[in-house]
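Here are my notes on the packing in this model. Please read them with the coordinates open.

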Amino acid sequence: MDEKTFPSSEVSLFKWMIDRDYRINFYLDKLPAGLNFTITHDVHYYSGIPIGYKEYNIDGSFTYIIYNHYTFNVHVNKNNNKYTVVGFHILPLSIRHNGKNDLKCALDRDSYNANFRNHERQTLMDLGKNETMVVDFTYDVVFRDSNIPFSSRWDHYLHLDNDKIHWFSLINSGLIIMIFSMIVIYIFCRALKKDIEIYNTVGFFNLACY
């Protein structure tokens, strides 16, 4: 746990960064931390971890929520009694702790989601010029077994799970290249023809002088 005291200027800076979707980058074994999202049952990674989000209220106002707890999910693959890191994603959460003596952390994996879903979130208050607020930052680490080989650990980041050929994109790109190539060749031929005509005219004039 790390307890931080923020003056009003830093709280305003956090709000400014949340408005502009600023993100934090973590790295483990040269793998950037990703944020999971699912498309058609396939898991992909967003790049970077947001620092917070805005929640709109019924009256039209909104509340700034800061992520102050990070769950580091490390996927490891065992091969020949050697463990390698094949995946790294982070679950950001907002938890209002009540100091060091009352940390709302999960004690076991079975109660993990229940403990972290039913809690009060850490909001960024509207502070006066000389006021401060205290935010408790915490984290936990979860190791998960994975069947992904080390050679394929970048597939989630590069979205290489779909190996179908995109014929429309290939044909479209090929047509564009052909059209531009024909335009360049046409311009080149016109310029070359003009130069040949000038050369022939100058050569005929010199021959007539002799």
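1. Terms first. A residue is called buried under 20% relative accessible area, exposed over 50%, and partly exposed in between. Tyr53, with a relative accessible area of 26%, is therefore partly exposed. Keep in mind that this is a predicted model.

2. Tyr53 and its partner. Tyr53 pairs with the ring of Tyr67. The pair is tilted, with 5.5 Å centre to centre and 40 degrees between the planes. Tyr53 sits in strand E8 (residues 52-56), and Tyr67 in the loop between strand E9 (62-66) and E10, so the pair ties together parts 14 residues apart in sequence.

3. Phe62 and Tyr64. How are these two rings arranged, Phe62 and Tyr64? Their planes stand at 80 degrees and their centres are 5.5 Å apart, so the pair is edge-to-face. Phe62 is partly exposed, at 34% relative accessible area. Tyr64 counts as buried, at 11% relative accessibility. Phe62 has a further neighbour: Lys54 lies over the face of its ring, 4.5 Å from the ring centre.

4. Other aromatic pairs. In the whole structure, a search finds 10 aromatic pairs. Ring pairs also link Phe26, Tyr70, Phe72, Phe88 and Tyr139 into a cluster.

5. The largest nonpolar core. This core has 14 residues. Those with the most contacts inside it are Ile49, Tyr70, Phe72, Val74, Phe88, Ile90 and Tyr157. Two elements give two or more residues each: strand E10 (69-79) and strand E11 (82-93). The largest share, four residues, comes from E10.

6. Ile49 in detail. What does Ile49 touch, leaving aside its neighbours within four places in sequence? Its contacts are Tyr22, Arg23, Ile24, Phe26, Ala33, Gly34, Leu35, Tyr70, Ile90 and Pro92. Among them, Tyr70 and Ile90 are also listed with the most contacts inside the core.

7. His69 belongs to strand E10. Is His69 buried or exposed? At 0% relative accessibility, His69 counts as buried. The side chain of His69 makes a polar contact of 2.9 Å with the side chain of Asp140.

Terms used. Residues numbered from 1 in each chain as written. Predicted model: local features only at pLDDT ≥ 70, side-chain atom pairs only at ≥ 80, totals over all residues. Heavy atoms only, no water. Core = buried A, V, L, I, M, F, W, Y, C linked by side-chain atoms within 4.5 Å. Buried < 20%, exposed > 50% of the residue type's maximum accessible area, 1.4 Å probe, protein only. Contact = heavy atoms within 4.5 Å. Polar contact = N/O pair within 3.5 Å; in protein donor to acceptor, adjacent residues only side chain to side chain. Phe/Tyr/Trp six-rings, centres within 6.5 Å; stacked < 30°, edge-to-face > 60°. Lys NZ or Arg CZ within 6 Å of the ring centre and 35° of its normal.
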